[in-house]
Amino acid sequence: MNTNRLFSTILLGSGLFLTACGNKDAKQQGAANMQAQAMPVTMASVTQEVVSGQRAYPANVVPLQETEIRAEVSGYINKIYVTDGAFVSKGQKLYEIDRVRYAAAVDQARANVEIAKANLARVEKDLQRYQTLADKDAIAKQTLDYAYTDVNNQKAQVQAAEAALTTARLNLNRSVITAPFSGNVGISQVRTGALVSAGTTLLNTISSTNPIAVEFQINEKEILEFSNLQTGKSSTEINLTLPDASTYATQGRISTIDRAVDPQTGTLKVRATFDNPNNTLRAGMNLTLNVVSTSKEEALVIPYRAIFEQLGTFSVYTVTDSSTAELKPVTLGQKLGDRVVISTGLNPGDKIVVDGVTAIKPGAKVVDKATMNQQKQ
């Protein structure tokens, strides 16, 4: 009898043990099945931090002053005083055009002035004599009238001769072409002995080099920000990335904002000024202007690859407490390399899907790859 009771007790204990083991295995199997059904993704949390970002704008270098040098008088080029590409100072001689010819024209115009003045003196003396005779009724009144006319005509001749002398002197001065401002000249378009025509022949081009300007286009939404930069109400670093990918050593400043927005593109031209003592920045150079700013307040930041774009709308998949993916629209702020600021749509600490967003559907079960790897270990 005691033997039978002992055997029954052993069988009952074994059954309970097997049942407990079976329940444990079933739970583990159920969890494994749930993980197998959930889509493995990479997750991240929305962080809040003070951001320092950089925006890049395609830009090109333009001189603050640039002008074409053209001949103002016709003739042959006698002398070229500067070499191609040289730096010249304001008033420095550049070209000389047939100066002897125009110097002779000045001498002739000066002689014509002297002749006109001599003739004026003669007719004025005649007028004085006629006035004396007229007072004595010794000549006809018509003769006196003619004398007045001769004096007036001769005065006009003197004025014409003096105007011709002024023109001749001006042409003589224009025969020597000087630099209108300090800067670099380009490659000369003419050589010694070339025949040039007034107003049409291009001799060279001169442009100022230090300081120099860099022009770029901004969106109309950025006008207020750049206006604050121009007036000094906002502190932001402005630098350049040169065509060889190096960074220009000197920082610039916003100097000019164009008067009107282009209605076709919604953009506005802005000009930044840079010191250019070594002439590193050349007119026409294409480069990148960078605006580096630091926010005064904390902003929400997420990896940029978490952004899901569809029909111009930006969204992010957030992970709910039940491990399902929920699509939330967001407003993007400043881009920070491989990250982006979120203006609206998320809260600090929210879990988001970073990788695999294109394969997810709203409401889908998701599991973090990092969590799966830890459980396997």
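Arg191 is partly exposed, with a relative accessible area of 48%; partly exposed is the band between buried (under 20%) and exposed (over 50%), using a 1.4 Å probe and protein chains only. A word on the model: it is predicted, so local features need pLDDT of at least 70 and side-chain atom pairs pLDDT 80 or more, while totals for chains, interfaces and linings use all residues. Residues are numbered from 1 along each chain as its sequence is written, and side-chain values use heavy atoms, with hydrogens and water left out.

## Exercise 1

Find the salt-bridge partner of Arg191, and work out which parts the pair ties together.

*Step 1.* Apply the rule: a side-chain nitrogen of Lys or Arg has to sit within 4 Å of a carboxyl oxygen of Asp or Glu.

*Step 2.* Check how open the partner is. Asp84 has 35% relative accessibility, so Asp84 counts as partly exposed.

*Step 3.* Arg191 is in the loop between β8 (183–185) and β9 (195–196), and Asp84 is in the loop between β4 (75–80) and β5 (87–88), so the bridge links parts 107 residues apart in sequence.

## Exercise 2

*Step 1.* Asp107 pairs with Arg110, with 3.1 Å between the closest N and O atoms.

*Step 2.* For context, the rule gives a count of 15 salt bridges.

## Exercise 3

Describe the largest nonpolar core: how many residues does it have, and where do they come from?

*Step 1.* A nonpolar core is a set of buried Ala, Val, Leu, Ile, Met, Phe, Trp, Tyr and Cys residues joined through side-chain atoms within 4.5 Å. The largest has 33 residues, and Leu94 and Leu203 have the most contacts inside it.

*Step 2.* β6 (93–97), α2 (99–135), α3 (141–174) and β10 (202–207) each supply at least two of this core's residues.

*Step 3.* A second, separate core has 24 residues, including Leu229 and Tyr248.

Methods. Helix = DSSP H or I, 4+ residues; strand = E, 2+ residues; numbered from the N terminus.
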